[in-house]
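Visitor: Could you show me how to read the features of a structure like this one?
Guide: Gladly; let us look at it together.

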Amino acid sequence: MAALKYAGLEDTDSEEELPPGWEERTTKDGWVYYANHLEEKTQWEHPKSGKRKRVAGGLPYGWEQETDENGQVYFVDHINKRTTYLDPRLAFTVEDNPVKPTTRQKYDGNSTAMEILQGRDLSGKVVIITGANSGIGFETAKSLALHGAYVILACRNTSRGNDAVQRILVEWHKAKVEAMTLDLASLQSVQNFAEAFKSKNVPLHILICNAAVFGAPWCLTEDGLEATFQVNHLGHFYLVQLLEDVLCRSSPARVVVVSSESHRFTEIKDSSGKLDFSLLSPSKKEYWAMLAYNRSKLCNILFSNELNRRLSPHGVTSNSVHPGNMIYSSIHRNWWVYTLLFTLARPFTKSMVRKDFSRQYSTA
């Protein structure tokens, strides 16, 4: 106790509390050190506990690390528009030799993309997301862009795509985002998009096939196919085929196909067990919007599984995902009955945006 008193440490209640005149700082690579302003010296060990520490994970959403003219690290909070020399991660430090963490990190139905991507640096990664101007696609695009990825929003409506780009840039002016025109209801448009992307001479690390229509009335595309089948499945199938060589050259890369749990409530085989092509692009007389959607989602899964089997030896993986039941987005817009059902279910389903704004696909 005498030694503690002499060192000026007796007034603190916890071994983690710093004595008067001491300050906790971090290096650029995340190691914690301690500055004694009274004696004008620094040390790696905590002045009370003697422990060495480092910060855990990356910076919180909206924060950025910079260095001043003297080489001192400081932090910029873009959300609240302020700067500080205090590392916001100091509340989450770990000891120099921590217990090895479990290999499987667990998330639940309330986890957001921003939380899952916390601490990941996606700089240098190139991502294409279809249908990224709204809903799940937009939230995914924003989350990846805010973590450093170069994200291309592939949208049917160019104006809305550009608006989505601006909304992301408002959150982080350094985000690398771009909108490109892609109409999955036109195979020519899909081809044009692929050619325009290839002309950029950039890699492709992540392709997220997200765009979809739900509950749409029967109509034929310019290619003579039922629209739900072409937009939800065939357009994406063709897009992946056109970009397959770029994906393989960019390995490790991945394809993510957004499907749905509703794929379970349909069948695409005839009575003999063979694929019934008439069910994929039905006539107006045989068309039911919900069944058409379910069949397209089943095609998504079958396609993703086979794509993974063929391309995984080349460093390209493919996964199909179920985003959650009846997430409230604009997908229900085609019929007021669907809008009513989604509205009634909204309090009990996952939300894309949290009220506290501490929100939100992990990469190859």
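**Reading helix pairs and sheets**

Guide: Let us start with a helix pair: helix α3 (residues 135–145) packs against helix α4 (residues 158–171) at an angle of about 40°, and their axes are 10 Å apart. Please keep in mind that this is a predicted model.

Visitor: Which word describes how α3 and α4 lie to each other?

Guide: The general idea is to compare the angle with a cut-off: angles under 35 degrees count as roughly parallel. The angle of α3 and α4 is about 40°, and the two helices are therefore oblique to each other. As for handedness, α3 passes α4 in a right-handed crossing.

Visitor: Which residues make the contact of α3 and α4?

Guide: On the α3 side they are Phe138, Ala141, Lys142 and Ala145, and on the α4 side Ala164, Arg167, Ile168 and Glu171. Sorted by class, the contact of α3 with α4 has 5 nonpolar and 3 charged residues, with no polar ones.

Visitor: At what angle do α5 and α6 pack?

Guide: Helix α5 (residues 187–198) and α6 pack at about 30°, with axes 10 Å apart. From α5, the contact takes in Leu187, Val190, Gln191, Phe193, Ala194, Phe197 and Lys198; from α6, it takes in Gln230, Gly235, Tyr238, Leu239, Leu242, Leu243, Asp245 and Val246. The contact of α5 with α6 divides into 10 nonpolar, 3 polar and 2 charged residues.

Visitor: How far apart are the axes of α6 and α8?

Guide: The axes of helix α6 (residues 227–249) and helix α8 (residues 289–311) lie 8 Å apart, and the packing angle is about 15°. That angle makes α6 roughly parallel to α8. α6 passes α8 in a right-handed crossing.

Visitor: Which residues of α6 and α8 meet?

Guide: α6 brings Thr228, Phe229, Asn232, His233, Phe237, Val240, Gln241, Glu244 and Cys248. They meet Ala292, Tyr293, Ser296, Lys297, Cys299, Asn300, Phe303, Leu307 and Leu311 of α8. By class, this contact of α6 with α8 has 10 nonpolar, 6 polar and 2 charged residues.

Visitor: Let us turn to sheets. What is the order of the strands in the sheet that holds β1?

Guide: First the general idea: strands of a sheet pair through backbone hydrogen bonds, either parallel or antiparallel. In this structure, an open sheet of 3 strands runs in the order β1-β2-β3, with antiparallel pairing. Its edge strands, β1 (22–26) and β3 (41–43), each pair on one side only. On average, neighbouring strands of this sheet are turned by 30° against each other, direction ignored.

Visitor: How many bridges join β1 to β2?

Guide: There are 5 bridges between β1 and strand β2 (residues 32–36), and the two run antiparallel. To find your place in the pairing, look at arginine 25, which stands opposite tyrosine 33 in β2.

Visitor: What order do β5, β6 and β7 take?

Guide: These form an open sheet of 3 strands in the order β5-β6-β7, again with antiparallel pairing. The edge strands are β5 (63–67) and β7 (82–84), each pairing on one side only. In this sheet too, neighbouring strands are turned by 30° against each other on average, direction ignored. β5 pairs with strand β6 (residues 73–77) in the antiparallel sense over 5 bridges, and glutamine 65 stands opposite phenylalanine 75 in β6.

Visitor: Which residues does UniProt list for "domain: WW"?

Guide: The unreviewed UniProt entry lists residues 16–49 and 57–90 under that name. In the model, the end C-alpha atoms of residues 16–49 lie 7 Å apart, and the span is 0% helix and 38% strand. For residues 57–90, the end C-alpha atoms lie 11 Å apart, with 0% helix and 38% strand.

Visitor: To finish with the backbone, is the peptide bond from serine 251 to proline 252 cis or trans?

Guide: That bond is cis, with omega near 5°. Proline 252 sits in the loop between α6 and β13 (253–258).

Visitor: What is phi of glutamate 40 near?

Guide: Phi of glutamate 40 is near 55°, a positive value in a residue other than glycine. You will find glutamate 40 in the loop between β2 and β3.

Notes: Residues are numbered from 1 along each chain as its sequence is written. This is a predicted model: local features need pLDDT of at least 70, side-chain atom pairs count only at pLDDT 80 or more; totals for chains, interfaces and linings use all residues. Side-chain values use heavy atoms; hydrogens and water are left out. Two strands pair if DSSP finds at least two bridges between them. Helices (H or I, at least four residues) and strands (E, at least two) are DSSP runs, numbered from the N terminus. Axes are lines fitted to C-alpha atoms, for helices over the stretch in contact, and angles run from 0 to 180 degrees between N-to-C directions. Angles under 35 degrees count as roughly parallel, over 145 as roughly antiparallel, 65 to 115 as roughly perpendicular and the rest as oblique. A crossing is left-handed if the near helix is turned anticlockwise from the far one by less than a right angle, and right-handed if clockwise. Contact means heavy atoms within 4.5 Å. Ala, Val, Leu, Ile, Met, Phe, Trp, Tyr, Cys and Pro count as nonpolar, Asp, Glu, Lys and Arg as charged, and the others, Gly among them, as polar. UniProt positions are given in the numbering used here, feature names are shortened, and annotations may be inferred rather than shown by experiment.
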